[in-house]
Amino acid sequence: MLSRRVFLLRRPLLSFSPRFAQRLHTTPLKMSNKSESEWRAILTPEQFRVLRQKGTEAPGTSAYNKHYEKGVYHCAGCDAPLYTSDTKFNSGCGWPAFFDAIPGAVVRHEDNTLGMKRIEICCAKCGGHLGHVFQGEGFDTPTDERHCVNGVSMRFHDK
Ligand SMILES: [Zn+2]
């Protein structure tokens with residue numbers, strides 16, 4: 001299972017060595033050392049559903065969807081900085097969209113649920129589910145990637 005997971009990751013800069021695979025596999029789990037009840041105590045029910053149970057907020061409902069203040073979007077679970085306002089763009093998709101994450105802030109996993117092949121993105125620090133990355137859609141951005149992030153998974157800091 002471990003090797004399968006690694007081969008499905010799309011990160012050209014990553015090595016596919018078994019040692020690295022193990023590190024990738026364990027990091028989010030190790031860092032997220034809170035129990036379910038501890039997470040429930042610090043998150044709202046909707047944050048818990050999205051961050052810890054990989055839910056998706058309804059499109060168009062996040063206050064961050066069309067939010068373009070200068071600042072940094074942090075993980076709503078562990079407060080790690082995830083995205084800067086400089087990488088946010090209007091994708092029209094109904095969720096906050098970014099063309100790149102702060103380096104090292106998010107990890108990617110292949111997600112084959114719902115009969116689709118998608119790339120899930122999670123907070124590298126606590127493993128919280130953020131959303132998905134879509135590539136090659138033709139957006140006029142430096143990466144042509146759309147990090148489609150649930151607003152409820154983030155907390156904006158204006159400095
Ligand atoms: Zn986090």
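In the predicted model, Lys54 counts as partly exposed because 16 C-beta neighbours fall inside 10 Å, a count between the limit of 12 or fewer for exposed residues and that of 20 or more for buried ones. Lys54 is situated in the loop between H4 and S1. Its phi is positive, about 60 degrees, although Lys54 is not a glycine.

A positive phi of about 60 degrees is also found at Leu114, likewise not a glycine. Leu114 belongs to the loop between strand S5 (106–111) and S6. Leu114 has 8 C-beta neighbours inside 10 Å and therefore counts as exposed, the cut-off for this class being 12 or fewer.

The largest nonpolar core comprises 27 residues. Within this core, the members that touch the most other members are Leu82, Val106, Cys123, Leu130 and Met154. At least two core residues come from each of the following elements: helix H4 (45–52) and strands S1 (72–75), S2 (81–84), S4 (97–98), S6 (118–123), S7 (129–135) and S8 (145–149). The most is given by S6, which contributes three residues.

The surroundings of Leu82 were examined with neighbours within four places in sequence left aside.

How values were computed. Residues numbered from 1 in each chain as written. Predicted model: local features only at pLDDT ≥ 70, side-chain atom pairs only at ≥ 80, totals over all residues. Core = buried A, V, L, I, M, F, W, Y, C linked by C-beta atoms within 7 Å. Helix = DSSP H or I, 4+ residues; strand = E, 2+ residues; numbered from the N terminus. Contact = placed C-beta atoms within 7 Å.
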